[in-house]
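Work through the exercises below with the sequence and the model in view. Each task is followed by a solution in steps.

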Amino acid sequence: MMTLGELAYWELTSLRVAGGLAAVLLVAGTLVYIHLFKLVSFMQSRLGPMEAGPYGSLQLLAEVGKFLQKEDIFPRKADRFVFAAAPFVVLMSTFLLVVVVPGGPDAWFVDNDLGIYLAMAVSSVSVIGVLMAGWGSANKYSLMGGLRATGQLIAYELPLMLAVVGVVIEAGTMNMQGIVLAQANGSIFGWSGLGNPFLLTQFVGFFVFMIAMQAELTQSPFDMPIAESELVTGYMTEYSGMRFLMFFIGEFATAGVFSAVAAVLFLGGWYVPGLDATSNVFNVIGPLVMLGKVVFLSFLVFWFRFTFPRFREDQLQRLAWKFLIPIALVNIVATGILKVAF
Amino acid sequence: MSEFLRSYLTVAIFGLVGLALVGAFLGLGRILRPDHPTPQKLESYESGVDPTGDTWSQANIRYYIFALLFVIFDVEAVFIFPWAIRLDAYGAFGLIEMGIFIFILLLGLIYAWRKGVLRWA
């Protein structure tokens, strides 16, 4: 029986790349089917896709097949290189983000002590892709969409980062595995029945993080960059066929990966209470536990998305700067005081 | 190579896999898709009417001050994260130090607020 430790680096990395592809693409497909095809349909009293495969479960494959056959149109005025490169940058940022997400005690892509800090850093790469798409298209709708996206993402990155600080204070580490173990082995005022899921002790952080995440994913009510009634589809207006589908996949893949990061930070990641956190069992059920938590958290995201109308641009900035950032700063101080006092 | 550097190599490999995936999808599409460009098709889309003027003109992006504030607060995160990890070791001393730091930051935010720059101009 070989163990992971005996594999060469390239062998381990191949396994991890396969796992990473599954973690990005399969999860994105699952979220599209569950949330976009079915959840929204049920909320609107309709069935959604039913023809392709059982209960329409193969609809997404049919869509990919359709998009593969669509003509690839480069607008005449577009900056061809920037226009073509934008979807690459957007999807690359998703893959850079997924590396920090652990699926079990030994099932990780990167076990890096910078962990969540690295995730925060690479997650902002996607905004460059969005701005490239907006600028490169040479279309007024696209440019406005790209600029709106940039303004929104820089406003909500701060509450996102500051909300994480509370978790880091409690866990005492930025390592994602360390954060999971801190929740598994923790206790709330001496009671360790559930461990210490930071959802309970960092609920302010969770609240701020989920709102900021909604904005970072540009989902309604924060979808001004693609506001279809004002800007057609914003920065994606000029994209057709596969290139458009890449943005679409990127949107849902990023929703999945961000939910996974939130699951690690606040719901205990691959850990479920009642089992030993070092148990080998978690290498098998851990990814499934993560999937369950990701589906739950992304359900919240899409529930909000399908429920609330869009903000105005000034309301959006006001919410970030005058509400979320002060709350997040107070949360840091409060968490620090509690940590030192107890 | 040390484990530390190795982990960044893995990060870089994942980035390349992301690029390769997009390349593979687009390459597959190139085999299957038609290519019939016409002058009308390549025109910029402006809701069906002929596009007017040039897109790349000067525009007021309206969040210059927000971007400046963002840079200030983002740099502050660099100081807060290392402190957050080692809070156990610093104890009350570190807490008061960081309390002063965050208080000054909050003062800055309140100043910007009172000056009215947080209003969407």
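**Exercise 1: a covered helix**

In H4(A), the buried residues are A:Gly115, A:Ile116, A:Leu118, A:Ala119, A:Met120, A:Val122 and A:Ser123. Buried stands for under 20% relative accessible area, exposed for over 50% and partly exposed for what lies in between (1.4 Å probe, protein chains only). Helices (H or I, at least four residues) and strands (E, at least two) are DSSP runs numbered from the N terminus.

The model is predicted: local features need pLDDT of at least 70, side-chain atom pairs count only at pLDDT 80 or more, and totals for chains, interfaces and linings use all residues. Residues are numbered from 1 along each chain as its sequence is written, chains are lettered from A and ligands numbered from 1 in the order in which they are written, and side-chain values use heavy atoms, without hydrogens and water.

Task: State how many residues of H4(A) are buried.

Solution: Seven of the nine residues of H4(A) are buried, and the helix is mostly covered.

**Exercise 2: a helix of chain B**

Task: Compare the length of H1(B) with the expected span, then find what covers its buried residues.

Solution, step 1: H1(B) has 30 residues, and its first and last C-alpha atoms are 43 Å apart, close to the 44 Å expected. The expected span is 1.5 Å times one less than the number of residues.

Step 1: Among the buried residues of H1(B) are B:Phe14, B:Gly15, B:Gly18 and B:Leu21.

Step 2: The cover over these buried residues includes helix H1 (9-43), helix H2 (59-68), H3, H4 and helix H11 (241-266) of chain A.

Step 3: A:Met92, in helix H3 of chain A, is in contact with A:Val125, B:Gly15 and B:Leu19, leaving aside neighbours within four places in sequence. Contact is counted for heavy atoms within 4.5 Å.

**Exercise 3: the interface**

Task: Describe the contact between chain A and chain B by residues and by area.

Solution, step 1: Chain B gives 64 residues to the contact and chain A gives 76 residues.

Step 1: About 6,800 Å² is buried between the two chains, with 76% coming from carbon and sulfur atoms. Buried area is the accessible area (1.4 Å probe) that two parts lose on being put together, summed over both.

Step 2: On the chain B side, B:Phe14, B:Trp56 and B:Phe81 lose the most area to chain A, together 12% of what that side buries.
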